[in-house]
Amino acid sequence: MVSSYMKPGILATILVVLSVFVLCARTIGGPAFEVGAGVGFGALCVFGLRSSTIREVLLLGVSLILTAVYFWRETSGDTFAQAIDLAAFFAAFILLLTALKIAAERSRSVLAVGRYLIRQPASGRYVATATGGHFLGVFLNFGAISLMAPLIQNAAKDDNGIVNTDLERRQISALLRGFAWILLWAPTTLTQAVLLTLFTEISYGKIIALGVATSVLMVFIGFLFDRFEWRDLAKDTAPSPAFPMLEFGRLTLVCAALIIATAALQIVFGYTTALSLMFVAPTVTVLWFMAQRPRATTRPSQMALFWPALTDNAPGLARSAIALGLSGFIGRMLADVLPMDTLTALIDLENVPGWLFLAALPVLITLGGQIALSPIILVVFIGQVIQTLPVLPADPTHIVFALSAGWALSMFASPNATATLLISATTKVAPTTLTWAWNLRYGAVCYAVLVAVFVVLET
């Protein structure tokens, strides 16, 4: 009994120590913290191996092969050190932000708002589920998927337990589509952390404006697409449930706290958005957890429950951190192990229009997802390749936007995307059904719209 408890406890300790070292390395600096962050990530990979899936094991195997090839060819360890630093940063970022679900999963407000969204009448159901998945995803990340997917399945059952498969399909598709587009703009996503690490000379304000505008457009297109797909279905005349004003207000307060505190750290200390969130998210998690204290429970008693909650979530947090950290490591190492000079010499983009170059990026990322290549690996690798080009074929800000769009498309067009796998594990719907059968046509429409946006941007 003690042994089974200690293993998650050790894993949780490693997660905390890794996060502290990464934050210190990014703020205070110095080789001691940088080495500590690298060692912490290595320890996470070793101790987290038992709770890992085949995906993390394969990523670790590829990482070890790339490391062996690198040191066989190189005497300097500079690139390896950079790759480890990137991996530790990605791992700490995703685990600190995903830890928000420790408080969110216990929140009655989240549950009430989620139920309200999925119990809307047909006239407003798609918009409610898509926008709900979108905004909950901003501060719950993949926790929004884990929260809303079971609620959708329960809501799709009648009093006899029979599932309305059409209703289930429409709402799960709405959830997946709405969630995916947060990758275009939300600073709480790994996408933004990765791309802003790779591309520093960009207009962040323009990225936010483009991302928000495109997200609204894509949700609206999804609404029209849903209406067209289900045009022959009988109309639902069920009344809308009462709006949970108090619970919605509490969630708004949590979201506002995240935004205001992040902006304050950026202004006062000059931190990046990603680094600011890495300080703010765990603070909000603990305060939110404390706010859920029952009246008969003292604050110390409630706080004492946080560590067991963290240890319970440690295996899942570790899997995400390992997978995303190793993916970043692989993407960075590939750019050094492969003959980049030869590769860039073969790429002649001098006469390629900027919009066409941008249009190719989502295709590469989405196709890679069909053969289980993580978007992180491809985005980091493509980013490194682009950095070596003598002249950029398009505006750097537009390149970041196109890479984000490709990552978002892969969420509902690739059966190996994280969001798709999470929904599949929860609902028992095959990943290929979720993507190829239910959402591939919507993805094709979105891609056509994105190409039009690229043309306008580069004109």
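Phe 269 counts as exposed, with a relative accessibility of 53% (exposed means over 50% relative accessible area, buried under 20%, and partly exposed in between, with a 1.4 Å probe and protein chains only). Phe 269 belongs to helix α12, which covers residues 245-269. The model is predicted: local features require pLDDT of at least 70 and side-chain atom pairs pLDDT 80 or more, whereas totals for chains, interfaces and linings use all residues. Numbering starts from 1 along each chain as its sequence is written, and side-chain values use heavy atoms, without hydrogens and water.

Leu 49 is partly exposed, at 36% relative accessible area, and is placed in the loop between α2 (31-47) and α3 (54-73). Together with Ile 54, Val 57 and Leu 58, Leu 49 forms a nonpolar surface patch with about 360 Å² of accessible area.

The secondary structure of the chain consists of 22 helices and 0 strands (DSSP runs numbered from the N terminus: H or I of at least four residues for helices, E of at least two for strands). The C-alpha trace spans about 70 × 60 × 45 Å along its principal axes. Of the 459 residues in the chain, 52% are buried. Among contacts (heavy atoms within 4.5 Å) with a separation of 6 or more, 79% join residues 24 or more positions apart.

Key. Patches are made of residues with over 30% relative accessible area and no salt bridge: like charges are joined within 9 Å, nonpolar side chains (Val, Leu, Ile, Met, Phe, Trp, Tyr) within 5 Å. Accessible areas come from the Shrake-Rupley method with a 1.4 Å probe; for residues, only the protein chains shown count as cover. A salt bridge is a side-chain nitrogen of Lys or Arg within 4 Å of a carboxyl oxygen of Asp or Glu.
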